[in-house]
Amino acid sequence: MTETRNGTGSQAVDSSGDAATAQTTPAVDAGPVRHEQVDAVVDTATAAAAQFRTLDQQQVDAIVEAMVRAGIRAAAELAAVAIEETGFGVFEDKVVKNYVATEFLYDYLKDKKSVGVIEENVEHSIVRVAEPIGVVLAITPVTNPTSTVLYKAIVAAKTRNAVIFRPSPFAVRSCERTVEILRAAAEAAGMPPGALQVIPDAAHEVTHYLFKHPKVDFIWVTGGQKIVALANAAGKPALGVGPGNAPIYLHRTADIRGAVVDILISKTFDASVICPAEQTCIIDDEIYDATVAEFERMGAHLLTDEQAEAIADFAFGCGDKVNLAALGQQAPELAARAGFTVDPAVKVLLAPLPSDLERLAAHPLVQEKLMPVLGLVRARDVQHGIDAAVLVTEHGGLGHTSAIYATDPSVIDAYGRAVRTGRILVNAPTAVGALGGIYNNLTPTFSLGCGTWGGSSTTENVNYQQLLNIKTVAHRRTPPQWFRVPSNTFFNAGALENLRDVPCTSVVVVTDALSEQRGVVDDLRAHLRAEHVKVFSEVEPEPDEATIRRGVTLLEGNPPDLLVAIGGGSVIDAAKAIRLFYEHPEKDLAELSLPFLDPRKRMAEYPQDPHKLRLVAIPTTAGTGSEVSPAAVLTVAGRKETLVDYSLVPDMAIVDPMLTLSMPRTLTVDTGIDALTHALEAAASIFASPYTDAFCVQAARLIFEALPRVYDDPDDLAARTDMSNAATLAGLAFSNAFVGTNHALAHSVGARFGIAHGRVNGVFLPHTLRYNASLPTKFMPAPGYSAYVAPEKYAQLGRIVFGGHDPEESRRRLFQGVEDLLRRMQVPRTLKEIGVPEEEFVAALPELAMTAFQDLSNRTNPRMPLISEITELLRLGYYGDGEHAH
């Protein structure tokens with residue numbers, strides 16, 4: 001991190017925000033430094049550390065788990081506090097950083113031993129024993145004011161250390177709120193009082209006094225070079241992480257489209273205030289023009305010489321001091337502050353830099369730029385490209401992070417040997433990739449060691465103490481995917497006959513009152529071999545926890561050997577939850593519905609032991625796909641919560657279209673549009689695969705053809721059969737690829753205003769299709785989804801179903817096909833048409849947007865939805881495309 005200055009003056013402030021190194025800090029009348037008050041804080045921490053040392057591994061892990069849960073739940077709140085207090089960065093990205101500092105960190109820490117004997121090497125007769133350090137003084141930055149605090153507090157707790165936080169004077173409230181949340185959870189779980197404290201006083205003397213304090217055992221600094229140097233000179237163990245000035249080399253063998261998306265993901269992440277973000281992009285001459293053109297196509301702006309000079313003067317007009325007003329601003333705002341205008345959609349400003357190394361070294365924009373400005377250098381050949389990367393690191397980035405995009409192993413090897421950085425990422429973005437656990441298997445961290453090159457004791461992603469300089473070459477990791485389905489699925493008219501082959505003695509049937517009145521249960525009894533059949537018909541749309549608990553109570557009083565769910569999606573979802581909590585009463589709904597960023601790293605642990613009770617799912621509607629899906633949507637405290645795990649998938653699905661013949665027209669349409677939404681969202685999902693694509697295409701083709709026929713003639717069994725099969729095919733697709741923002745919007749609005757799920761899906765579907773087909777403001781970080789292909793996926797599906805001579809025409813025909821189907825089915829096109837009062841909608845809009853933003857469905861949408869974009873989609877859903885929509 002470089003030094004900063006306020007406004008256009010020449011006053012300097014270290015960008016870590018550390019009070020000890022600030023030449024100028026916010027105006028604070030701290031008064032005389034009273035050492036006795038600081039001593040009292042340290043004494044309390046010392047006593048807490050002594051108590052902490054007596055805890056065992058189980059107690060420590062319980063504390064860590066409680067802190068992580070609290071941090072995850074507060075991820076959005078803390079991001080909002082940071083934005084409000086510091087005035088820069090991107091809210092949505094700060095939420096992601098808070099998840100990385102909690103969920104991803106916990107995934108790494110949860111199985112690690114940190115108390116007593118942590119390793120035994122029988123062959124060499126070595127036993128390793130872990131002891132805590134004691135009192136840790138943690139310096140935290142203005143750039144990551146909540147995620148760094150979350151990360152350091154959790155690591156300190158895992159190692160039984162008391163920690164005193166010394167936040168940037170520009171981010172005191174962010175630190176205090178984070179510690180307040182963590183402290184409450186940790187102390188409730190058994191952490192000694194005083195083990196988590198904050199000293200917010202901005203006076204430099206307080207930091208200097210703490211650095212020399214005899215009872216402070218360790219100094220852990222995240223900040224600029226000056227504060228790291230002061231910590232290293234304090235005369236006690238210290239760990240500091242230095243500045244980052246990451247070079248990226250694009251060799252001629254690079255995947256240009258994938259590399260550009262990666263770099264834009266990374267360079268726009270939190271408005272580029274994160275130290276490992278790309279700073280200078282060195283591009284081979286053969287691909288330079290094509291790469292720049294791709295950058296511009298994907299939303300970057302190539303600066304003129306005059307504009308680049310304006311940026312350099314505004315940001316670095318006082319030598320090596322960076323203007324604080326330039327930090328963390330998105331590209332259009334940064335340009336405006338520098339005195340020129342760019343398109344509001346611009347993501348990154350591209351600054352051409354000299355290819356001559358001597359002139360490059362003298363250019364002001366060769367240094368670290370904590371703003372969306374990316375330097376561009378044209379490389380004559382491989383050696384010139386590597387030499388330029390080495391030069392960039394020597395201007396404030398030694399030991400930190402670099403990256404290379406190439407497929408030639410010899411070039412990757414040469415780059416790795418030449419560049420002196422602790423992290424050398426291969427075909428992966430630096431800002432997100434260097435943090436670890438997302439694009440590679442590096443240790444998750446917010447403390448990036450820079451080795452002796454950068455004044456640090458380690459080159460590792462700091463988690464445990466490191467003493468060696470180790471260079472790590474981390475190749476991009478594309479995680480394996482899956483395709484999981486129920487063991488048996490029976491379909492077409494008469495499929496219910498297969499129940500006769502299911503051995504059972506005692507059966508509980510889960511259904512709803514209307515289905516029971518329609519005689520569905522009586523029909524079911526005729527196909528069961530059981531002697532005893534009990535019926536639980538209390539399921540209502542969007543079942544709540546109380547309903548699930550009543551179902552569990554019925555099973556406990558009448559233990560069955562078969563559970564049969566017959567009805568719509570709510571019935572089948574309820575049955576999944578009933579079986580789950582019947583077999584595992586110790587599980588908690590709030591725990592299992594804990595939000596997550598990556599399903600493979602989430603905290604919630606679902607039971608994976610074999611089921612004691614078989615579940616057969618029999619849909620009486622054609623739309624939800626719940627009979628084959630791993631999800632169960634429940635209502636908790638007025639909000640829709642989704643349980644997701646493959647342990648929830650029914651053992652058998654029976655898809656008999658005869659059961660759908662009595663569906664009323666409205667329900668037929670609602671569920672049919674729900675099934676179409678499943679197919680279209682799964683097709684564009686970041687988890688889509690050739691397996692799921694096949695199901696999406698066939699499901700969509702059947703729905704476009706069969707739904708109008710069923711609408712015109714409800715007794716058309718052939719059309720009913722096609723719709724039932726399409727719904728299950730779409731269910732198989734989204735069970736493995738998942739859905740997207742359309743469902744997030746539908747969950748939020750449907751729960752708030754009591755609108756049928758399929759109907760509200762239909763309201764938003766045309767808008768989200770256009771949204772995902774347009775140029776994203778932000779890309780979704782996804783290792784298995786590099787180039788942005790959502791528009792192409794829509795075109796492929798459109799070509800198969802509707803034809804077309806080129807991708808644009810096929811995509812247009814698909815979108816028009818959706819519009820025509822909705823109109824043909826008389827689906828309401830707006831929430832206003834459905835009857836939602838405007839004043840209620842407007843009043844609820846902020847909450848609706850936040851609820852939709854936090855919905856799990858967004859995690860697999862192809863583009864990352866911003867709060868502002870979700871708000872815009874909600875307004876489109878209410879007003880349509882009219883003048884009030886924007």
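## Overall make-up

Of the contacts in the protein with a separation of 6 or more, 77% are accounted for by residues 24 or more positions apart. The model is a predicted one, and its secondary structure comes to 31 helices and 26 strands. Buried residues make up 63% of the 886 residues in the protein.

## The five-strand sheet

Five strands form an open sheet in the order β7-β6-β5-β8-β9, and their pairing is parallel. At the edges stand β7 (196-198) and β9, each of which has a single partner strand, so one side of each is left without a neighbour in the sheet. Neighbouring strands of this sheet are turned by 15 degrees against each other on average, when direction is ignored.

Within this sheet, strand β5 (residues 135-140) is joined to strand β6 (residues 162-167) by six bridges, and the two run parallel; L137 stands opposite I164 in β6. Strand β8 (residues 218-222) is joined to β9 by four bridges, again with the strands running parallel, and the bridge partner of T222 in β9 is V241. Which way do the residues of strand β9 (residues 238-241) point? A238 and G240 point one way from the strand, whereas L239 and V241 point the other way, and all are buried.

## The six-strand sheet

A further open sheet has six strands in the order β19-β26-β23-β22-β20-β21, with parallel pairing. Here β19 (488-491) and β21 (532-536) stand at the edges, and since each has a single partner strand, one side of each is therefore left without a neighbour in the sheet. From one strand to the next, the twist averages 20 degrees.

Strand β23 (residues 614-619) is mostly covered, with five of its six residues buried. On one hand, β23 is joined by six bridges to strand β22 (residues 562-567), the two running parallel, and the bridge partner of A565 in β23 is A617. On the other, two bridges join β23 to strand β26 (residues 652-655), which also run parallel; the bridge partner of V616 in β26 is M652.

Strand β26 in turn pairs with β19 in the parallel sense over four bridges, and T489 stands opposite A653 in β26. Helix α20 (residues 569-583) packs on the sheet, where the helix touches β20 (506-510), β21, β22 and β23, and its direction makes about 160 degrees with that of β22.

## A helix pair

How do helix α4 (residues 91-109) and helix α5 (residues 147-158) cross? Their axes come within 8 Å and cross at roughly 20 degrees; angles under 35 degrees count as roughly parallel, and α4 and α5 are therefore roughly parallel to each other. The crossing in which α4 passes α5 is right-handed.

On the α4 side, the contact is made by K97, N98, A101, T102, L105 and L109, which meet S147, L150, Y151, I154, V155 and K158 in α5. By class, the contact of α4 with α5 has seven nonpolar, three polar and two charged residues.

How values were computed:
Residues numbered from 1 in each chain as written. Predicted model: local features only at pLDDT ≥ 70, side-chain atom pairs only at ≥ 80, totals over all residues. Heavy atoms only, no water. Axes fitted to C-alpha atoms, helices over the stretch in contact; angles between N-to-C directions. Parallel < 35°, antiparallel > 145°, perpendicular 65-115°, else oblique. Left-handed = near helix turned anticlockwise from the far one by under 90°. Contact = heavy atoms within 4.5 Å. Nonpolar A, V, L, I, M, F, W, Y, C, P; charged D, E, K, R; others polar. Buried < 20%, exposed > 50% of the residue type's maximum accessible area, 1.4 Å probe, protein only. Pairing = 2+ DSSP bridges.
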